[in-house]
Every structure is written in structure tokens, then in C-alpha cells.
Amino acid sequence: MIGKYEFDSKEQAEAKIKALGINSHTIVTLGNLIIIDGTFDENDVEITTPIRSELYAVDVIWRGLIDHPYGWKYYSMTPNNPKHSFL
Amino acid sequence: MSLYTDIKILTTANGYKVDKLYSVKPTNGDGDFTAIRNTTATYENSSGAIVSAATDVPRLDYSDGSCPTVLLEPASSNIFSNSGFSGAVSGTPGTPPTYWDFNKSGGSLTVETSKYSAGNKLKFSTSNARHIVKESIYLNASTTYLCSMLVNSDLAIALREILYTSSPSGATIVWYINGVESNFSTNIPTGDSVISMKITTVSSGYSQVFFGIGIYGNSFTANITFDLPQLEPLPYRTSYIPTVTTSLVSRALDSIIDSGTSADFNSVSGTLYLKAKALVSSGTDRVLSANDGTAANSASIVYDSVANTVNGVYTKAGVVIATCTAVITDVTATNKIAFTYEGSSFKLYVNGSLEHTISSGSVTASNVFNSLDSNQGDNTLHLEAKVYEIQSYSKVLTLLEVASL
């Protein structure tokens, strides 16, 4: 099962991950994702900086689970244009 | 008597199925490893093609020659968008792949089938001209990335003329040709090579990654093909991770565990043997261990975090009893490492030579090991290597016997 989550902060995400203990899940911390790209001039000089989400994104392949672990479901989400996927 | 008779567990890059890497011995299945990888992954098959293995299927990789290895890699991601160059159209100047742009377009582009057949590779052809594509990538702060590609060139040309980046402020870049650190003005050889840049960032920001012909400002007459581009948050190249859209794509780590039962080990007296190439020469300890299902009681072969160092480690009740150490020429080359333990004697052999003996401490009083794992017994410090062979004996091999392996 694959879950995509957006936590309120990096600290909250790290606490949730730490609470899982040693495990066989695959956890990818994406951080504060870029929601609007930066722009550049013709010489590749940055004109505007990117705008990042205030939420902290984490994607997980839950090995052996068919539902979100306790305390994770509230933060799960289904993005329209995912910024990350698994092979 | 043949040593084969004494082997309790013998595993080579041989038979497999979903979630299983078969061992040659024992033949009753007790020595088979459980293979874990939460995603698909690619590897080079015996024909030289890059192909995909399904989730939990071990990869028998032929990238180092005709003898396959069991490929055990860390998790990684490819940050490049559209690494398969879809959308590219052959022509003069041609059309760049989707999400890539021309930086210079003074030559021709030919779209060919990649070594990974589901993708394309790009051939740049110039006649005293420059022809370059680029992609804009956002890099995080305080991170090491490796940007790498397979190239085929008919011209010995400086690295910086075919692969370059404008990285965030403060970033350092180290260049490599076929894994050997090189100056960016060093010419690549004609024919096939792997070129890469290790980018270590201080601050976050955009990086423009360029590849093609004539990036540094000179014009050339050349034909150069680029294939399997990968930008990953690791200091070395791992197996190819194909990407299609702008979405970052990740591969999960490999693990092989749970080989053997208590009948296959003797924690009082034994030999652990590994013939393999480490994927990287330093960084974090990487472990193959016979253990009791924990890291507390184990006999381990360790690729140390210190460059080109290997250890034989015996741990009892959570206390390290002995650490035999050897510094060798290159852990990323094929090495045969053996660790023996009995009573208060611990010995580490590398390529048939005794490297270190420790005669203090003591092994456990009873047989407690029941599993052979590509980690330290608690699902941490996973082995990252190309594995030719793993052997476990419930006796101490002699120097002559180790030398014969």
C-alpha cells in the first residue's frame, strides 16, 4: 500500500517516522514541495524564486499493511499532480 | 574431504523467484534468502540490456561481465524529468525531449533506442558547431548528488564540453570518467564511457544541467550519444531509474534475509565468507551477519565507514567482543573476505591472506545464531554490494582452506 502524506512541519513528520521504529517500509521524505516553479531569463538567471508548500510531504510504501498506521490517516492526501512516484 | 561437504550455507547469483534467492546449500530450502525490495528496479541482463525486475525479485546483474552478481542497492531516486527522452524528434536541429530545452542548436539530433528499451537515447552530431540541451533542477541544501550518463563518442573531448552544471551558490563539483576522479578539462575516451559529476550543495536552489557538444564555449565536429541520464541524491551511480514526467521517481532498497536455521550455524565456532564488490568505498558501515534475529549476538563481515576498510566483528549480548580490521586496496573491486571465530580466537582474511588476529574475549557459550542477513540483524546497516558468493561454515577454516575459496 502506498500512502502520501502532508504534515504540518518537518518536526511532526520526523516524529511520526521515528515512532514507527525499525521497519521494512520505504519512506521518502519530500519536504516542502515546490508548488510554483521559479522563472529564468534567457541567460538562465533566476528572475523569481520558487514558492514552496508550507506542508511537509512524505510518501511511503507500507510493507505488510493494508491501511494507514495509527495517527497517519489524518495527514494522507491524494494530489492531482503528484511530484513523486515509486518505480 | 571437500570443503563443499562442510558448507552449511552456500549462496551464489543463481536461482530465484519472487521474494526468494535460492541457496545452493542446504538443498532443503532452509538456506534460501527472503528477498525484499518494495519497488521494481532495473538491472543489466546477460545480453547487456537494461531490464526491469518486479517487486521483491532479486536482481542477477551482469553489468560487470559474464558472471552475474546479486545486486544489493540502497534506495535512490532519479531527479531528472523524462530521463527516457520521450518527445524528442530527430532532425537539424531536431526537437528536444519534453521538459528539456535547447541551449544551443547548431547541429543535429538523432533519437535512437536506449539500452533500456522503453526509453530513448540521444545522438548529437555537429560540424564545427555547438548543440546542447538543458534541464532545470531544484537541488536541496547540504546534499550530495551524482549526475551521470552513459556516453559514446567518436571524439576525445573535454568532459566540461559535454556535461556541465550551474549549481547553487557554494556547491562543489567533482568530475569522474568511468568512476575515476578527473579534471573537468580531461578528455573522455572515444567509444563508451560513464561520465558523472558529484555535486555537493551548501544552499538550495536551481541547477541548470547541460549535456551535448560544446557546452564550455568551443565548437566541435563530433558524434556523441547520451543514454540513461540519472541525477540522484547519492555520491555514486546506482541502477537506472527511468522517469517519464516531472515526477521524482524512487526505487526501494534491496535486502536478503532469513537464510538458515539454528541447525545451519554454530555461534561457538564458525566461518563467514563473502565474495563481493562494495558499491562505495566509504560512508556508512554495511553488514552481512549471522545473528540471532537481533544485532546483539552476531558474527559479521563489515564494509567499514572508513574508506577501503573491512572488519570481522563478533558481538555477544550487545557487546562487541572482537573487531578484526584490514585496510585493503579497493573495497569496490572483487574481494574475498572471511571471518573465523572460535573460543577467544578471531581472524579476518582478505583474498586468502590472514590480515588480523585477535586472541581475547570469548564467543557465546551456546549456539544462538539462527539467521544470515544482509544487515546487522536488526534491519539496519544494509549491505550495499554486488555479491558473487556467500558461505557459512559451522567450523573454523584453516588458512589453506580459506585460501582455496
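**Aromatic contacts in close-up**

**View 1. B:Phe80 is buried, at 0% relative accessibility.** Buried means under 20% relative accessible area with a 1.4 Å probe, protein chains only; exposed is over 50%, and partly exposed lies in between. B:Trp100 is also buried, with a relative accessible area of 2%. This is a predicted model: local features need pLDDT of at least 70, side-chain atom pairs count only at pLDDT 80 or more, and totals for chains, interfaces and linings use all residues. Residues are numbered from 1 along each chain as its sequence is written, chains are lettered from A and ligands numbered from 1 in the order in which they are written, and side-chain values use heavy atoms, leaving out hydrogens and water.

**View 2. B:Phe85 and B:Trp100 form an edge-to-face pair.** Rings of Phe, Tyr and Trp (its six-membered ring) pair if their centres lie within 6.5 Å; planes under 30 degrees apart are stacked, over 60 edge-to-face, the rest tilted. Here the centres are 5.8 Å apart and the planes at 70 degrees. Both B:Phe85 and B:Trp100 are buried.

**View 3. The structure holds 26 aromatic pairs over all chains.** One of them is tilted: the ring centres of B:Phe80 and B:Trp100 are 5.2 Å apart, with planes at 40 degrees.

**View 4. Six residues of chain A form one aromatic cluster: A:Tyr5, A:Phe7, A:Trp62, A:Trp72, A:Tyr74 and A:Tyr75.**

**View 5. B:Lys25 lies over the face of B:Tyr4.** The distance to the ring centre is 4.7 Å. A charge sits over a ring if NZ of Lys or CZ of Arg is within 6 Å of the ring centre and within 35 degrees of the ring normal. B:Arg160 lies over the face of B:Phe184, at 4.8 Å from the ring centre.
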